[in-house]
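Reader: I have a structure open and I'd like to learn how to read it, one feature at a time. Can you walk me through it?
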Amino acid sequence: MKQAEQAIAIREIHAHGEFEQAVALQREIWSFADVELIPVRMFVVASKIGGQLLGAFDGQRMVAFLLAVPGIRRDEAGVALHYLHSHMLGVLPAYRDLGLGRKMKLRQREDAIARGIDLVEWTFDPLEARNAFFNIERLGAIVRRYVENQYGRTSSALHGGLPTDRLIAEWWLSSERVVAILAGGGDGKRTVSERVAVPADIGEWKASDPQRARAVQREIATRCQDAFARGLAVVGLERGARDYEYLLGEWA
């Protein structure tokens, strides 16, 4: 695998054949039904309107891909905020734990900054603590929004039949926090006011006891939404022996 890691090249993708590979990866990674796949035409549209399309290749084979599209929303002051919405990042199971996801996000950041874009956002499952740790502790994203059942219930076994509740990651690309974390220094300025736990066994509960998993999901939703309404943000994630804990505090 070390040889494969050295051979992997990350580059922009443009051709229809490459988009078709990205569609095939969705089936392999998430086991989506055809109706839930992002089709080739969406990749084409994204490539024409200023989106980001990246592929990671082991030789001629695509083993990971990233899709982002331009977004616009109002900030807290009501000012129009332009950003990139990073909709999908998928890595084949055999190529995980090689740092490939992080490399693709860093390439995304480099491209966005070159375009004058300060913010990239994406959604992630609050029950998937390992992915949350990557987003928050390895990339430096913060979270101030929780959306219930963002995509509706899906056919993916990874979702366990639960509503697709999502946290929205805000990746402020040139902030002191992000620069420090990417440099390996961590975020020494954060203050923690509250903690929200995610059981380490939640993945097993999705399959064996979905009602129990749903109860945990509801509890996390309630606590996060209450904290966000009071101006707090997720600024960290700690790993313990039995659970993970979202760390909530002020973020400026």
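Reader: Let's start with Met42. Is Met42 buried, exposed or partly exposed, and why?

Author: This is a predicted model, so keep that in mind throughout. Buried means under 20% relative accessible area and exposed means over 50%. Met42 has a relative accessible area of 32%, so Met42 is partly exposed. You'll find Met42 in helix α3, which covers residues 40–48.

Reader: Now the rings. How is a pair of aromatic rings described?

Author: You look at the distance of the centres and the angle of the planes. Here the count comes to six aromatic pairs. Take Trp30 and Phe32: the ring centres are 5.7 Å apart and the planes sit at 15 degrees, so this pair is stacked. Trp30 counts as buried because its relative accessibility is 16%, and Phe32 is buried too, at 13%.

Reader: And what about Trp122 and Trp171: how far apart are the centres of their rings, and at what angle are their planes?

Author: Their centres are 5.6 Å apart with planes at 80 degrees, so that pair is edge-to-face. The pair links distant parts of the chain, 49 residues apart: Trp122 is in strand β5 (residues 119–124) and Trp171 in strand β7. Trp122 is buried at 7% relative accessibility, and Trp171 is buried at 0%.

Reader: Which residues do ring pairs link into a cluster?

Author: Phe19, Trp30, Phe32, Phe43 and Phe65.

Reader: On to charges. How many salt bridges does a search of the whole structure find?

Author: For a salt bridge, look for a side-chain nitrogen of Lys or Arg within 4 Å of a carboxyl oxygen of Asp or Glu. The search finds 18 of them. One of these joins the side chains of Asp34 and Arg27, at 3.2 Å from N to O. Asp34 is exposed, with a relative accessible area of 55%, while Arg27 is partly exposed at 40%.

Reader: Where do Asp97 and Arg130 lie?

Author: Those two form a salt bridge with the closest N and O atoms 2.4 Å apart. Asp97 is in the loop between β4 and α4, and Arg130 is in helix α5, so the pair ties together parts that are 33 residues apart in sequence. Asp97 is exposed at 64% relative accessibility, and Arg130 is exposed at 59%. Helix α5 also holds Glu137, while Arg190 is in the loop between α6 and β8, so that pair ties together parts 53 residues apart in sequence. The closest N and O atoms in the salt bridge between Arg190 and Glu137 are 2.9 Å apart.

Reader: Which residues are linked in a network of salt bridges?

Author: Arg73, Glu76, Glu121, Arg144, Arg145 and Glu170 make up that network. Zoom in on Arg73, in strand β3. Arg73 counts as buried, because its relative accessibility is 19%. The Arg73 side chain makes a polar contact of 2.5 Å with the side chain of Glu121. Leaving out residues up to four places away in sequence, Arg73 touches several others, including Tyr83, Leu119 and Arg145.

Reader: Last stop, Ser175. What does the side chain of Ser175 reach?

Author: The backbone nitrogen of Val178, at 3.2 Å. Ser175 lies in the loop between β7 and α6, and at 17% relative accessibility Ser175 counts as buried.

Note on methods: Residues are numbered from 1 along each chain as its sequence is written. This is a predicted model: local features need pLDDT of at least 70, side-chain atom pairs count only at pLDDT 80 or more; totals for chains, interfaces and linings use all residues. Side-chain values use heavy atoms; hydrogens and water are left out. Helices (H or I, at least four residues) and strands (E, at least two) are DSSP runs, numbered from the N terminus. Buried means under 20% relative accessible area, exposed over 50%, partly exposed in between (1.4 Å probe, protein chains only). Contact means heavy atoms within 4.5 Å. A polar contact is a pair of N or O atoms within 3.5 Å; within protein, one must be able to donate a hydrogen and the other to accept it, and residues adjacent in sequence count only if both atoms are side-chain atoms. Rings of Phe, Tyr and Trp (its six-membered ring) pair if their centres lie within 6.5 Å; planes under 30 degrees apart count as stacked, over 60 as edge-to-face and the rest as tilted.
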